[in-house]
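Please look over the model shown here and follow the report below.

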Amino acid sequence: MSVTVIDARLRPREHLAAKTELAALQERAMGRDAHGLLELALTGELQGRTAVVSSFGAESAVLLHLMAQIDPATPVLFLNTGKLFGETLRYRDRLQDTLGLGDVRSIAPSLGDRAISDPEGTLWSRDADACCHFRKTVPLAKALAPFAAQITGRKRFQTRERASMEPVEFHEGRFRFNPLWSWSQADLEAYVQTHKLPAHPLVEDGYPSIGCMPCTRRVQAGEDYRDGRWSGLDKDECGIHLGTDGEGI
Ligand code: SF4
C-alpha cells in the first residue's frame with residue numbers, strides 16, 4: 001500500500017507526525033473490509049473526532065448504513081448548497097429516520113457569501129467551479145474544521161481522479177477514510193438489496209448519480225452513470241478536494 005503525499009502546508013514537525021500517523025493507520029487498514037475500516041475511523045483514538053460527509057445521493061445509503069452499525073451518533077455533514085433537488089432533502093429525512101442517524105448536520109453557504117458571489121443564483125451557468133467553491137468548498141471546510149478525520153463514500157471506479165485512491169489518506173489537515181474504495185457498482189447494488197435500503201427516488205427516474213439540480217441531468221442508455229453530472233463541461237468533481245460520500249455532491 002502506498003503512502004499518500006502529506007499536505008505540503010504543514011510545518012516540518014507536523015508533517016513528520018502526520019506522515020508517521022498515516023503510515024500506522026494504513027498499516028492497520030490493510031486487509032480490512034468496509035466495516036473494519038469504519039471501525040478504525042470511529043473507535044480508538046479517533047472516537048468522537050471523525051465525521052461522515054454525505055450528499056444523501058443515489059449511493060449514500062450504503063455508507064450510512066455501515067456507519068450506523070458502529071456508531072449512529074457519528075456526525076454526518078450534509079451539504080445543502082441551496083440548489084439541491086427537493087427529492088434529496090426528503091430522502092435525507094427518510095434515511096435519517098430509517099437508519100436512526102443521531103447527528104445529521106445540514107451545512108450551507110452563508111447568506112453573505114450568497115449575496116456577494118451569486119446574488120442572482122445563476123453562477124452555476126457561467127462559472128461552475130466558482131459556484132462549487134462558495135457553495136461547497138467554503139462551508140464544508142468550516143464544518144470539517146473541528147474534526148481530525150472524515151469518512152467518504154468515494155469509490156475507485158467513479159472517476160479518473162479516484163482510480164488511485166487509498167483506503168486511508170491524509171488531506172487538507174485531516175485523515176480521510178474511504179471504506180468503499182474498492183467496491184464496484186454491483187457490490188453497492190447487492191448491499192442495497194441484501195439490507196433492503198430505501199433508494200433515492202430519482203434513481204428510477206433516470207438519475208444514477210445525483211448532485212445539484214442545475215448540474216444534473218438524466219442519463220441515457222449507453223452513457224456512463226456519471227455522464228449526467230456537469231454535462232457538457234470538462235468537470236467530474238466538485239473541485240472541493242475535501243471528499244464526499246461518493247457523488248461529488
Ligand atoms: S454542482 Fe452546480 S449548482 Fe451545485 S454548487 Fe456546483 S456549480 Fe453550483
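The largest cavity holds about 90 Å³ of space. A search of the whole structure finds two cavities of 30 Å³ or more. A cavity here is a set of points, on a 1 Å grid over the protein atoms alone, where a 1.4 Å probe fits but cannot get out. Grid points are joined across faces, edges and corners, and the volume is the space filled by probe spheres set on the points. Lining residues have an atom within 4 Å of a point. The largest cavity has 12 of them, and W124, C131, C132, C212 and C215 are the closest to its centre. Helix α7 (residues 128–144) gives the largest share of this lining, five residues.

This is a predicted model, in which local features need pLDDT of at least 70, side-chain atom pairs count only at pLDDT 80 or more, and totals for chains, interfaces and linings use all residues. Residues are numbered from 1 along each chain as its sequence is written, and side-chain values use heavy atoms, with hydrogens and water left out.

**Cores**

In soluble globular proteins, nonpolar side chains tend to be buried together. A nonpolar core is a set of buried Ala, Val, Leu, Ile, Met, Phe, Trp, Tyr and Cys residues joined through side-chain atoms within 4.5 Å. Buried means under 20% relative accessible area, exposed over 50%, and partly exposed in between (1.4 Å probe, protein chains only). The largest core has 43 residues, and F56, L64 and F177 touch the most other members. Its largest share, seven residues, comes from helix α3 (residues 60–70). Another core of nine residues lies apart from it, with A51, V53, I107 and F147 among them. Contact means heavy atoms within 4.5 Å. Beyond its neighbours within four places in sequence, L64 contacts V52, S54, F56, V76, L95, L99 and L101.

**Strands**

Helices (H or I, at least four residues) and strands (E, at least two) are DSSP runs, numbered from the N terminus. Two strands pair if DSSP finds at least two bridges between them. Strand β6 (residues 174–177) pairs with β4 (residues 149–151) in the parallel sense over three bridges. Strand β5 (residues 168–171) runs antiparallel to β6, joined by four bridges. Two residues separate β5 and β6 in their hairpin, where E172 takes a positive phi near 50°.

| Residue | Opposite in β6 |
|---|---|
| A149 | F175 |
| H171 | R174 |

**Two buried residues**

T50 lies in strand β1 (residues 50–54). At 2% relative accessibility, T50 is buried. A polar contact is a pair of N or O atoms within 3.5 Å; within protein, one must be able to donate a hydrogen and the other to accept it, and residues adjacent in sequence count only if both atoms are side-chain atoms. The T50 side chain reaches the backbone oxygen of A41 at 2.7 Å. It also reaches the backbone oxygen of L46 at 3.4 Å.

Where does D118 lie? D118 sits in the loop between α5 (111–117) and α6 (123–126). D118 is buried, at 4% relative accessible area. Leaving out residues up to four places away in sequence, D118 touches D113, L123, C131, F134 and R135.

Definitions and conventions:
1 Å grid on protein atoms, 1.4 Å probe; cavity = no way out; pocket = protein on both sides within 12 Å on 5 of 7 lines; lining within 4 Å.
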